[in-house]
Amino acid sequence: MKKGTLYLIAILWAVIVILPFLWALRISLIPTYTTFVSFFPKSLSELSLVNYEYLLFKTKFPRWMINSVLVSGGATFLNVLACSMLGYVLARKRLPGSNVIFTLVLALLMVPYHILVIALYLGLSKVKLTNTLFGVILPLSANPFGVFLMRQYITMIPREYEEAALVDGCSRIGALFKIVLPQALPAVGILTVTMFMETWNNFILPLVMLTKDSMKTVTVGIADLAFQTLNTNWGVLMAGSLLGAVPTVLVFVLFNRYFLRGLTLHGGLK
Amino acid sequence: MEKRILVLAGVLLTGILAFGTTIQFWTCPFVSQPENFLAPLVEQFTAQTGIKVEISVVSYNDAVVKYQAAIAAGEAPDIMYLTESRFLPLVKFGNALEPLDKYLSDDLRSRFARPDLLDQYAATAGGSLYVVPIFFVTYLGAVNVDILQAAGVPEDLIAKMTDPNQTYTWDDLLHIAKLVTKDLDGDGKVDQWLYAYPGGANWTHPFLLWYWGAGGSPTLLTDEGKPAFDTEATRLALSFLLKLKEEGLMPPGVGSLDAGDAIDLFTAEKTAFINNVWPSNSLKIWPEQFPSLNYRLVYPPVGPTGARTTYFGSGLLAIARQSKHKDEAWKFIEFLLSDDAQAYVAQSYYFPVTGKLPEEFANDPRVKMYYDVLSYAIPEPMHPAMARWKAIYNSEVQAVLIGQKTPEEAAADMQRRAEQALEAYQ
Amino acid sequence: MFTISFTRWPIIGSPTFVGLKNYYRLLHDEIFLKALKNTLWYALITVPSITSFSFALALSLRGITWGREFFKAIYVFPMVVTLVSTAAIWKGMYLPFGPLNQLLVNLGFSPVEFLSVGLVIPSLCLVLIWRDIGYYSLFFLAGLEEIPSEILEAATVDGAGAFQRFRYIIWPMMKPVTLLVCILVTIGSFMIFTLVYVITGGGPAYSSEALLNYIYDVGWREFRMGYAAASAVIYFFILFGLNMFERLVFERG
């Protein structure tokens, strides 16, 4: 195909991807409840930041953002730790083939946690973790897919280096962190980005687990805005939706390089 | 004198005992940010009694989910905000609420504007009172005066809608609908209608307003205690809505319209009539947000069987059986029912169940209209299966609006499914 | 979950054993069957379209050198944005008088009821497609970049056309990635919960109700957790079976 056509396709899709966000931005910049507006503002004076002002100063939105960052950051960190350790063990021990493990991992991914969350809640309430951020972080901290990813990746790393280190008196844990992980950075990149996104998106768990207004995560907060009993305040809802997306976008931008490099190797998966 | 000292000592003693207790109060957002709205009341209460109140907000949509999880884990809040249709399952399935009869003094009971409702709450729950209301709300209709006048709707008809001593009918509405439905900008497409039924919403009242208006059973039950859906009232209500839809008098897409979107259509002057306007919308949000919207509140229309009704909602509070601070919790509820607190709550445009309205409201003729309908407004039906019935009737109304079923078929299906739903609870 | 599925359990009460009654009821539950059908439709529409479109997008990205990184970053954007936000934004896009209809009217078409019975499933699928294509195209692109360009050049020299190159060189090497994407999209389409929850709530008349939404509603709103668990068990086995089937197809084909 001609280069021009390829560029046309690429640009067209980029525009399609961006347009809904532009509309959301447009709505977030008008001061009333209505959605009956033309896409292009007639003049700049039509626009205003009241919705953002309202969100940032009149609601607990900033607090929700912090909570979400704590939850997602914490869960991501724990995931990187747990998944690399478990993945390392699985990679270095003689265990059933990757096919079996992969099937198991997929099976775990398919369980509808909308039901399991009640069992989780009852369990966590016994150890007094309900209504704490840690109660949300803990159940999310060892994602089966992450374990599988790390295992796959570590299997590809030659054993020689760590064996040499082990001979030199380095512990297994030390070998993992000093030798294996630095070589597995692309996988860690993928893990960080996907886990951050997944925990940020998780809805049911924080919904059930956290009640205090100051404890809510941003996903739950946005859903609350969307389901106001009074008129839906579209401006505030859209402003919240856009602001709520900023941290995940940031994480992606930061880890973009590792993420994409990791995907290249990830492509050879299975 | 001695008596007084005793009372004083008693008050002091309970004050000291109660000091430092914190009660948990989970409320739904009946105003945006209820925790801020209620803060002055809580402060006053804490100053009087030494009992602290911690308020958490749970959305209407997910309140039931959160209550269930908390109750199952033994972490139920002391006070829960509920609605008529929501408290019964908590009593019926988990015996999770505390009977309040022993707390409610005769004096307090006599101060309620509609004490009969208290009996009704008790009767549906097997004799004990588990909830008390702290405010109520009724629904009125509203019309867009500019649209009506421009469409040539006779002035006396508009007057009939706003006069408590006169009536207007569904046929009048149909007549007005034909006048106002128009292509304003001349592009060959209709862009102004009378009314948008929110067919996509899973709310309790939109269908019931029409069903009751056609003479439907207030409790949704027949005299024999069976669901009353395969009835003339259902068919009349559905036929009327279908007629509006089929004759192009409702905007396109009503089959999947959200309740909020339907209100948006009215405030954007696309529709000229709406039948579910609660006071905080009509008295506060609209004047603030849509200063150019020229609307007038109207009474509910009279249906084909001569019935005239509207919806009565209230904010109910219950105490959890698990609560360790039941007495303190009741004190707070009692406090919310005091005259001062009720007057304060009224500022949220939800009206007091005891005591008087603050002056600024009492003199407002629009508020008077909300009180006028009180005598015939019907409370939300109370039944353990209500959550399922609501989903059932809303989906059947939708099926009619999108042309999948005739009103007769939908009424029959509603009945069958409502009965099935009952079986699952027995 | 399996144990619960044999009981009747309102969460706030204690469970009672009812044997297979829940499963028996499910088979006669028209809403459950409808939700099951809808969910299969979601999978049936999204899996082939997302897989093929993202493959195609990756192929065109591969032909681009200047600005490739820029496009990649833009394409993953919808995936990075919080799902609830995406759902809220598309709820607005699909409003009867919303931007999509404004656009159609401005282009001279008549407005479309995106969320009507006939269109609601494709409309929701469209959101998923819009969201996922860019992300999965990165998977394909990563796979494509692993194919040594010498092989392709050699094939071109030998007179292989674009189709032949695709059929005999690119496709065999891309099969594992394609399978992975297929499986992930299948799981994603079964987990469409949030979009349905925010955009339609399952309506109109259950025509967009997904299985997961049904499970959630029955368990949490109607006080029937046992019944919900039984539906969840069926959900699990169908999804698992579907994935096994996909793997089988790819291993044979």
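This is a predicted model: local features need pLDDT of at least 70, side-chain atom pairs count only at pLDDT 80 or more; totals for chains, interfaces and linings use all residues.

Me: What scores does the model get?

Reply: The model has an ipTM of 0.82 and a pTM of 0.83. For chain C, the mean pLDDT comes to 84, and 100% of the residues reach 70 or more.

Me: Which elements of chain C have the lowest and the highest mean pLDDT?

Reply: Helix α7 (residues 149-157) of chain C has the lowest, at 79, while helix α2 (residues 30-62) of chain C has the highest, at 89.

Me: How many helices and strands does chain C have?

Reply: There are 11 helices and 2 strands in chain C. Along the sequence, chain C runs β-β-α-α-α-α-α-α-α-α-α-α-α. Its C-alpha atoms fill a box of roughly 70 × 50 × 25 Å along the principal axes.

Me: And what does chain A have in the way of helices and strands?

Reply: Chain A comes to 13 helices and 0 strands. Its pattern reads α-α-α-α-α-α-α-α-α-α-α-α-α.

Me: What share of the contacts comes from residues 24 or more positions apart?

Reply: Taking contacts with a separation of 6 or more, residues 24 or more positions apart account for 71% in chain C. The figure for chain A is 78%.

Me: What makes B:Gly315 count as buried?

Reply: The cut-off is 20 or more other C-beta atoms within 10 Å. B:Gly315 has 23 C-beta neighbours inside 10 Å, so it counts as buried. It lies in strand β8 (residues 310-319) of chain B.

Me: Which residues does B:Gly315 touch?

Reply: Leaving out residues up to four places away in sequence, B:Gly315 touches B:Phe30, B:Tyr81, B:Pro133, B:Ile134, B:Phe135 and B:Tyr350. As for B:Ile147, it is 168 residues from B:Gly315 in sequence and 35 Å from it in space, C-alpha to C-alpha. Contact needs C-beta atoms within 7 Å.

Me: Why is strand β6 (residues 273-277) of chain B called largely enclosed?

Reply: Because 5 of the 5 residues of β6(B) are buried, the strand is largely enclosed by the rest of the structure.

Me: How do you know that β6(B) pairs with strand β5 (residues 140-144) of chain B?

Reply: Pairing takes at least two bridges. Here 3 bridges join β5(B) to β6(B), and the two strands run antiparallel. In one of the pairings, B:Leu140 has B:Val277 in β6(B) as its bridge partner.

Me: Why is helix α4 (residues 83-93) of chain C called mostly covered?

Reply: The count tells you: 11 of the 11 residues in α4(C) are buried. Among them are C:Leu83, C:Ile89, C:Trp90 and C:Lys91.

Me: Which residues touch the most other members of the largest nonpolar core?

Reply: This core has 295 residues, and those touching the most other members are B:Phe87, B:Leu194, B:Tyr195, B:Ala318, C:Leu124 and C:Ile215. Helix α6 (residues 120-146) of chain C gives the most to the core, with 14 residues. Beyond four places in sequence, C:Leu124 touches C:Ile192, C:Leu195, C:Val196, C:Ile199 and C:Ser208.

Me: How many residues do the chains put into their contacts?

Reply: Chains C and A meet through 58 residues from chain C and 53 residues from chain A. On the chain C side of that contact there are 43 nonpolar, 12 polar and 3 charged residues. Between chains B and C, the contact takes 28 residues from chain B and 22 residues from chain C. On the chain B side, α3 (63-72), α4 (84-94) and α18 (386-401) of chain B each give two or more residues. That side has 15 nonpolar, 11 polar and 2 charged residues.

Me: Where are the domains of chain A?

Reply: Domain 1 covers 1-48 and domain 2 covers 58-266. Their contact takes 8 residues from domain 1 and 8 residues from domain 2 of chain A. The domain 1 side has 6 nonpolar, 2 polar and no charged residues.

How values were computed: Residues are numbered from 1 along each chain as its sequence is written. Chains are lettered from A and ligands numbered from 1 in the order in which they are written. Two residues are in contact if their C-beta atoms, placed from the backbone, lie within 7 Å. Ala, Val, Leu, Ile, Met, Phe, Trp, Tyr, Cys and Pro count as nonpolar, Asp, Glu, Lys and Arg as charged, and the others, Gly among them, as polar. Helices (H or I, at least four residues) and strands (E, at least two) are DSSP runs, numbered from the N terminus. A nonpolar core is a set of buried Ala, Val, Leu, Ile, Met, Phe, Trp, Tyr and Cys residues joined through C-beta atoms within 7 Å. A residue is buried if 20 or more other C-beta atoms lie within 10 Å of its own, exposed if 12 or fewer, and partly exposed in between; C-beta atoms are placed from the backbone. Domain bounds come from an automatic or database domain assignment. pLDDT is the predictor's confidence in each residue, from 0 to 100.
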